[in-house]
Amino acid sequence: METMKGEVVLNIPSEKAWEMYRNNEILNKINPDLLSAAEYIQGDGAPGSLRLFKLGPAIRNYVKESVEKIEKVETGRSVTYEVIGGDLKEMYDPYRVTFSFIPIEGDNNVNKCIAEWKAEFKVSAPATPPPEKAKDAALRFLKSFDNFQLSY
């Protein structure tokens, strides 16, 4: 199994970033070019829940949608999904993603956090490259939290 990681610094507290990520109504508005819709199709966000992500036009040529089963939740900190349906499942099996929101300690960093994306995957289709595009899209989406939180 291979691993890929990336992170961005957000100018918002980790608790607020966590709240934004877990709330589908907010998530749907953050950057519709990258994520046009997120909805729980089973459950409420606890482990075992299923969440459907419909990707926006900026990345539609790569992935249109993804059905993800929530495996683990560390409240206020991270959520881990396994992709169980959609385009990514055809390219990588398994494909597990963890989104984490980590407070930055220090005097001037009270309102900042590190948003981390980590994928564990195994390429299942021949000639499929590692999920660099998924990483880039996820990090661009997370960076959008900064601009969005100013308006909400």
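User: Starting with Glu 116, buried or exposed?
Analyst: Glu 116 is buried, at a relative accessible area of 15%. Buried is under 20% relative accessible area, exposed is over 50%, and partly exposed is in between, with a 1.4 Å probe and protein chains only.

User: What kind of model am I looking at, and how are residues numbered?
Analyst: It's a predicted model, where local features need pLDDT of at least 70, side-chain atom pairs count only at pLDDT 80 or more, and totals for chains, interfaces and linings use all residues. Residues are numbered from 1 along each chain as its sequence is written, and side-chain values use heavy atoms, with hydrogens and water left out.

User: Back to Glu 116, then. Where does Glu 116 lie, and what is it in contact with?
Analyst: Glu 116 is part of strand β7, residues 113–123. Skipping neighbours within four places in sequence, its contacts (heavy atoms within 4.5 Å) are Lys 5, Gly 6, Glu 7, Thr 98, Phe 99 and Ser 100.

User: How many helices and strands are there in the protein?
Analyst: There are 4 helices and 7 strands. These are DSSP runs numbered from the N terminus: H or I with at least four residues for helices, E with at least two for strands. Along the sequence the pattern reads β-α-α-β-β-β-β-α-β-β-α.

User: What is the radius of gyration, and what would a compact globule have?
Analyst: The protein has 15 Å, which agrees with the value near 15 Å for a compact globule of 152 residues. That radius is taken over C-alpha atoms, and the globule rule is 2.2 Å times the number of residues to the power 0.38. Along the principal axes, the C-alpha trace spans about 50 × 30 × 30 Å.

User: How far apart are the mean positions of the positive and negative charges?
Analyst: They sit 2 Å apart, for 20 positive and 23 negative charges. Lys and Arg count as positive, Asp and Glu as negative, while His and the chain ends are not counted. The place of a charge is NZ of Lys, CZ of Arg, CG of Asp or CD of Glu.

User: Which share of the contacts joins residues at least 24 apart?
Analyst: 56%, among contacts between residues at least 6 apart in sequence.

User: New topic: where does Glu 90 lie, and what does Glu 90 touch?
Analyst: Glu 90 is in helix α3, residues 87–91, and counts as exposed at 60% relative accessibility. Not counting residues up to four places away in sequence, Glu 90 touches Ser 124 and Ala 125. Glu 90 and Glu 116 are 26 residues apart in sequence and 24 Å apart in space, C-alpha to C-alpha.

User: What about Pro 126 and Ala 127?
Analyst: Pro 126 is in the loop between β7 and α4, and Ala 127 has its place in the loop between β7 and α4 (132–151). Pro 126 is exposed at 76% relative accessibility, and Ala 127 is exposed at 82%. Pro 126 and Met 91 are 8.6 Å apart, C-alpha to C-alpha, and 35 residues apart in sequence. Ala 127 has a positive phi, near 65°, in a residue other than glycine.

User: Where's the cis peptide bond?
Analyst: It joins Asp 93 and Pro 94, with omega about 5°. Pro 94 belongs to strand β6, residues 92–103.

User: Last one: which side chain does Asn 31 make a polar contact with?
Analyst: Ser 144, at 2.9 Å between the side chains. A polar contact is a pair of N or O atoms within 3.5 Å; within protein, one must be able to donate a hydrogen and the other to accept it, and residues adjacent in sequence count only if both atoms are side-chain atoms. Asn 31 lies in the loop between α2 (24–30) and β2 (35–42) and is buried, with a relative accessible area of 19%. Leaving aside neighbours within four places in sequence, Asn 31 is in contact with Phe 141 and Ser 144.
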